[in-house]
Amino acid sequence: MRLTTITNWAYGVTVVLSLISGGTMLLASHAQDEERTAVAERALLDRAAEKIVEEEGALSGLARQFVISGDARDLAAYQQAGQGLRSVEQRMRGMFDAGASSDELDALKAGMLAIDELQDEQQEAITARRKANKSLAIERLFGADYERDLDRAMAQFDKFQYQLDQRTETEVAGATALARIWRSASEAALAVTASLFLCVMYFIFRRRVIHPVVKLSDVVARLAAEDYAAIPPEFAHVDEIGDMAHAIRTFRDNGLARQRLEQERSSDRAIRDMLSRMTQRMQASDTFHDLKSVIECFIPEIAPAYAGRLYLLDETRQVMVEAGSWLSPTSSPPEFPPLSCWALRRGLPHRPGGDGIDIPCAHIEEQDRSIDSICLPLTSQRETLGLLYLESHRAGESDAASEANLTVLAENIALAVANLRLREALRAMAMADPLTGLANRRHLEAVLEAEIAMAQQHPHPLSCIMVDVDHFKRFNDTYGHDAGDVVLREVASALKGCLRDGGFAARVGGEEFLLLLPGLSVEQAIDRAELMRQRISELKLRVDGGDLGTVTASFGVAGTPEICEPHKVLQTADAALLRAKKAGRNRVVCAQPRLDKAHG
């Protein structure tokens with residue numbers, strides 16, 4: 001119930017009680033008026049009865065005076081007094097006809113009859129006096145019978161006055177009691193009105209206004225301080241306070257919505273900041289190992305609800321190969337063909353889970369296809385470079401990173417991979433011999449310096465083989481430079497085919513090649529050089545349909561720590577090569593002296 005309704009009801013009840021109180025006060029006043037009227041009537045009747053008694057006494061005196069004196073003036077005075085007495089009697093009869101009781105009327109009638117009898121006796125005495133019978137007249141008015149009649153008349157009027165006093169006192173007492181009752185009722189109505197007013201004031205201003213307003217003001221103060229944990233109280237009644245509470249709840253809901261939006265914006269700014277820092281670090285990566293480290297460090301922070309893998313395309317085998325992973329993904333294998341992924345087929349992000357319905361990728365395990373997974377292709381210049389695969393590993397939890405941010409993440413990774421591949425291609429071009437594909441002299445110097453430093457710090461075998469194609473100028477002079485290039489490419493291919501893991505081959509100039517074999521002893525290097533010599537001698541080369549003949553090469557072998565110090569291994573192998581060429585070419589010669597001692 002609204003406060004206005006409660007107030008209107010209280011006002012209506014107060015008005016009704018006020019009217020009742022006013023009515024009872026009017027009734028009490030009316031009872032008091034009746035009391036005053038009864039007292040006034042009593043006074044009037046008392047005065048009238050006293051006047052009758054006085055008039056009758058005076059009339060009796062005038063009659064007696066006339067009887068004694070016989071003076072006509074006394075008779076005139078008697079007659080005039082008799083007329084006045086009759087007018088008073090008539091007024092009393094009229095008054096008592098309006099409201100006198102039967103006992104009062106009987107007493108009044110008896111008194112009037114007694115006065116009439118006295119007047120009859122007075123008339124008889126006056127008549128006798130006029131007839132000069134003075135003694136009879138005196139006997140009539142001064143006799144014992146007349147005195148008894150006079151006392152009886154006076155007694156009747158005393159009785160009348162007594163009854164009148166009793167009735168008047170009873171009426172006055174009744175009127176007084178009634179007035180007291182109505183006055184009490186009026187006072188009770190006023191008390192009820194005041195109590196109702198106080199109750200309404202207490203209920204409205206304390207229970208329904210002060211307490212709720214205090215609670216709401218506390219909530220408003222906390223909401224003003226952006227403390228949205230403050231919950232407005234619930235009010236079952238529908239009134240202005242309830243409307244205020246509803247408005248405050250609406251304000252709180254709007255504040256929470258703004259707070260969530262601000263949190264989302266802050267989270268998005270934080271993610272974009274991490275994306276920016278990740279992009280800067282990816283662009284500064286020199287190798288795929290550095291790039292992998294950056295990706296594995298940042299993606300769990302950007303998308304913490306997703307485990308994932310980074311796949312790169314192996315162009316030689318045409319398969320997607322895992323280059324890195326985070327948070328232990330389980331649903332996609334380390335390798336799979338590109339056609340197994342719909343994102344790679346379409347060149348667009350693919351997300352079979354979520355609200356939409358889409359076909360799952362074949363590289364995802366069948367029992368795991370119900371999980372939320374995202375495939376983001378890594379492309380650059382319409383060329384597929386790899387794939388960013390993400391799978392949810394927290395059931396029922398949404399990730400702060402939106403799909404738009406994940407798409408930006410994939411684009412930045414694709415750009416970093418493309419840049420790194422371009423950088424490696426440029427590095428390979430700068431560090432490789434364009435004709436044979438082997439390392440050039442610049443690359444050789446860097447590798448040789450690192451291997452020598454390693455051999456000096458941690459003594460272990462390091463063998464070096466110098467190779468020179470025998471009579472190479474003959475191929476150029478006889479068959480042309482194209483034939484010389486074919487010979488160099490095929491010899492380089494044969495040398496590269498005889499290397500094992502960790503071996504290094506370089507073209508050091510013209511028809512000369514160098515091979516570094518870390519971990520191989522000198523004897524093993526001699527065997528490897530002999531294998532290379534045989535492979536080269538077995539080459540069958542043709543240019544423009546012409547047979548180039550047999551191709552041979554000379555080999556010089558040196559090694560550390562068996563032959564020389566690490567920093568002299570290249571010069572020692574070169575000296576062994578010169579000895580092989582002087583000894584007739586197409587042979588393997590090991591540097592001296594330690595090998596001779598070992599055989600001796």
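Helices and strands here are DSSP runs numbered from the N terminus, with at least four residues (H or I) for a helix and at least two (E) for a strand. The model is a predicted one, in which local features need pLDDT of at least 70 and side-chain atom pairs count only at pLDDT 80 or more, while totals for chains, interfaces and linings use all residues. Residues are numbered from 1 along each chain as its sequence is written, and side-chain values use heavy atoms, leaving out hydrogens and water.

**A buried serine**

Is Ser463 buried or exposed? Ser463 is buried, because its relative accessible area is 1%; buried means under 20%, exposed means over 50%, and partly exposed is in between, using a 1.4 Å probe and protein chains only. One reaches the backbone oxygen of Leu520 at 2.6 Å, and another goes to the backbone oxygen of Ser521 at 3.2 Å. A polar contact is a pair of N or O atoms within 3.5 Å; within protein, one must be able to donate a hydrogen and the other to accept it, and residues adjacent in sequence count only if both atoms are side-chain atoms.

Contact means heavy atoms within 4.5 Å.

**The whole chain**

Stepping back, the chain has 15 helices and 12 strands. Of its 600 residues, 40% count as buried. Among contacts with a separation of 6 or more, 67% are between residues 24 or more positions apart. The accessible surface of the chain comes to about 32400 Å², and 54% of that belongs to carbon and sulfur atoms. These areas come from the Shrake-Rupley method with a 1.4 Å probe, and for residues only the protein chains shown count as cover.

In soluble globular proteins, nonpolar side chains tend to be buried together. In this model, the largest nonpolar core has 55 residues, and those with the most contacts inside it include Ile465, Val487, Val491, Leu495 and Ile536. Helix 12 gives the largest share of this core, eight residues. A second, separate core of 31 residues includes Tyr306, Leu310, Ala414 and Ala418. A nonpolar core is a set of buried Ala, Val, Leu, Ile, Met, Phe, Trp, Tyr and Cys residues joined through side-chain atoms within 4.5 Å.

Leaving out residues up to four places away in sequence, Ile536 touches Val491, Ala494, Leu495, Val551, Thr552, Ala553 and Phe555.

Helix 12 (residues 481–497) also meets helix 11 (residues 472–479): their axes come within 6 Å and cross at roughly 145°. Axes are lines fitted to C-alpha atoms, for helices over the stretch in contact, and angles run from 0 to 180 degrees between N-to-C directions. On the helix 11 side are Phe472, Phe475, Asn476 and Tyr479, facing His481, Ala483, Gly484, Val487 and Leu488 in helix 12. The residues of this contact divide into six nonpolar, three polar and no charged. Here Ala, Val, Leu, Ile, Met, Phe, Trp, Tyr, Cys and Pro count as nonpolar, Asp, Glu, Lys and Arg as charged, and the others, Gly among them, as polar.

**Pairs apart in sequence**

Here are some residue pairs with their C-alpha distances.

| Pair | Apart in sequence | C-alpha distance |
|---|---|---|
| Ala247 and Pro232 | 15 residues | 9.7 Å |
| Arg489 and Thr436 | 53 residues | 4.9 Å |
| Tyr228 and Leu256 | 28 residues | 6.5 Å |

Arg489 lies in helix 12 and counts as partly exposed at 38% relative accessibility. Tyr228 sits in the loop between helix 5 (144–224) and helix 6, and Tyr228 is buried at 11%.

**Backbone details**

Most residues other than glycine have a negative phi, and most peptide bonds are trans. Gln318, however, has a positive phi near 55°, and its place is in the loop between strand 1 (306–314) and strand 2 (319–326). Arg585 has a positive phi of about 70° and is found in the loop between helix 14 and strand 12 (588–590). Finally, the peptide bond from Thr560 to Pro561 is cis, with omega near 5°.
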